[in-house]
Amino acid sequence: QTGAQFGYSLGWTMILTYPLMSALQMVSARIGRVTGHGIAGNLVRHYPAWLANALVALLLIANIINIGANLGAMADATALVTGLPAAGFLLAFALFCATAEVMMRYQAYARVLKWLTLALLSYVVTLFLVDIPWGRAVRGLVFPNVEWGAETLMVIVAIFGTTISPYLFFWQASQEAEEVEDNPDEQPLKCDPMEGRVELRRIGWDTMIGMAASNLVAMAIILTTAATLNANGIIDIRTSADAAEALKPFAGDYASIVFALGIVGTGLLAVPVLAGSAAYALGEARRWPVGLDRKPKRAKAFYATIVAATAIGALMNFTPIDPIRALIVAAVINGVVSVPVMAVMLLVSAKESVMGVFTVHGSLLWLGWLATAVMAAAVAAMLYMSI
């Protein structure tokens, strides 16, 4: 939607968000690896219960909307490629995502998610199947021509909420904690500080490489849709399949199909992470047994949350809600929710009583606070322009 509506003028956000999102993801990963608990688990242990409950409730709302929009996008894209009705694919994808997450053991499921990230390369392939005016695209990155207004600021907050997103903080911290719990030879760094240097270096490189790949893929999507849809006056996208379909006259059938398959692969990667992060957050806040390596009968409420979030998201698609608009609204909610989550997360990471000798300080802490300030300023400007 950003590429279609604004062309090349907002591509610079991918450059701006890279250091900010990397810093916050490093902080969240450190919290999980050092303490052996996720974000919500640390909140309920060190802050009032109402704060954890409020943040988790907002996360659940945004994640469920996100799940619904992703499932709808996957179904529409598959229907575009096959010519079959989308409703059947919607239910099949929802059932597959929920069942796989509940039934597969953690290590096997983690490998599946890692291989699924290769689906993101389809967006990069599509970029090179269309004719990009690179001079204009680079000028848009370096000297963007932005018309500031309520709609522009809303999309910027949505971009921030998609890249610097609460569900990613909860997911990464919980996965670091899960890795510790699943490996009998490992302990939280707070209990085993000798492993600190190696583990923190791993977290740093893992995060920087992952976030770079994420933003390069996002940039490919923006440039592709800017060069095809925006350049030909198509600025309002109702579904992701609309974007793939609209590519046909300007980039050919092959580009359209590759883009559509990318939507499916991305959804298969995103839906389990969204449902899983919601379950981790709610489970840790309620002090339930959590973890994808637990048998379903030993973590009934945790797995029930995954199934319920996926089911409610799927049912959203049988309402008149516009999928892309729902996705943007969810991203805006994520952008708003990120501000208090980031602030609390940074406070937790700097507390010696929580992190021991591994408190976050120096440039990483200040970069985290800068990200929080940038996000807060964007949200405040959006609200002001909207009023």
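**Helix 4 and helix 5**

Helix 4 covers residues 49-82 and helix 5 covers residues 86-103, and their axes come within 8 Å and cross at roughly 130°. Helices here are DSSP runs (H or I, at least four residues), numbered from the N terminus. Axes are lines fitted to C-alpha atoms over the stretch in contact, and angles run from 0 to 180 degrees between N-to-C directions. Helix 4 and helix 5 are therefore oblique to each other, given that under 35 degrees counts as roughly parallel, over 145 as roughly antiparallel, 65 to 115 as roughly perpendicular and the rest as oblique. I noted a right-handed crossing of helix 4 past helix 5 (near helix turned clockwise from the far one by less than a right angle; anticlockwise is left-handed).

Which residues of helix 4 and helix 5 make the contact? I found L71, G72, M74, A75, D76, T78, A79 and T82 on helix 4, and A86, F89, L90, F93 and A94 on helix 5; contact means heavy atoms within 4.5 Å. Sorted by class, that gives nine nonpolar, three polar and one charged (Ala, Val, Leu, Ile, Met, Phe, Trp, Tyr, Cys and Pro are nonpolar, Asp, Glu, Lys and Arg charged, the others, Gly among them, polar).

**Ground rules**

I jotted down that residues are numbered from 1 along each chain as its sequence is written, and that side-chain values use heavy atoms, leaving out hydrogens and water. For this predicted model, local features need pLDDT of at least 70 and side-chain atom pairs count only at pLDDT 80 or more, while totals for chains, interfaces and linings use all residues.

**Helix 9 and helix 17**

Next I checked helix 9 (residues 150-163) against helix 17 (residues 362-386): the angle is about 150°, with the axes 9 Å apart. That is why I call helix 9 and helix 17 roughly antiparallel to each other. Helix 9 passes helix 17 in a left-handed crossing. Among the contact residues I saw L153, M154 and F160 of helix 9 and V374, M375 and M382 of helix 17. This contact of helix 9 with helix 17 has 12 nonpolar, two polar and no charged residues.

**Helix 6 and helix 10**

I then looked at helix 6 (residues 106-116), whose axis comes within 12 Å of that of helix 10, crossing at roughly 140°. That makes helix 6 oblique to helix 10. Y106, Q107 and L113 of helix 6 touch W171, Q175, E178, E179 and D182 of helix 10. I counted three nonpolar, two polar and three charged residues there.

**Second largest pocket**

Last, I looked up the second largest pocket, with 18 lining residues; G36, H37, E181, E284 and V290 lie nearest its centre. Pockets are open sets of points on a 1 Å grid over the protein atoms alone, where a 1.4 Å probe fits, with protein on both sides within 12 Å along at least five of seven lines; lining residues have an atom within 4 Å of a point. Helix 10 gives the largest share of the lining, four residues. By class, the lining has five nonpolar, seven polar and six charged residues.

Note on methods:
Helix = DSSP H or I, 4+ residues; strand = E, 2+ residues; numbered from the N terminus.
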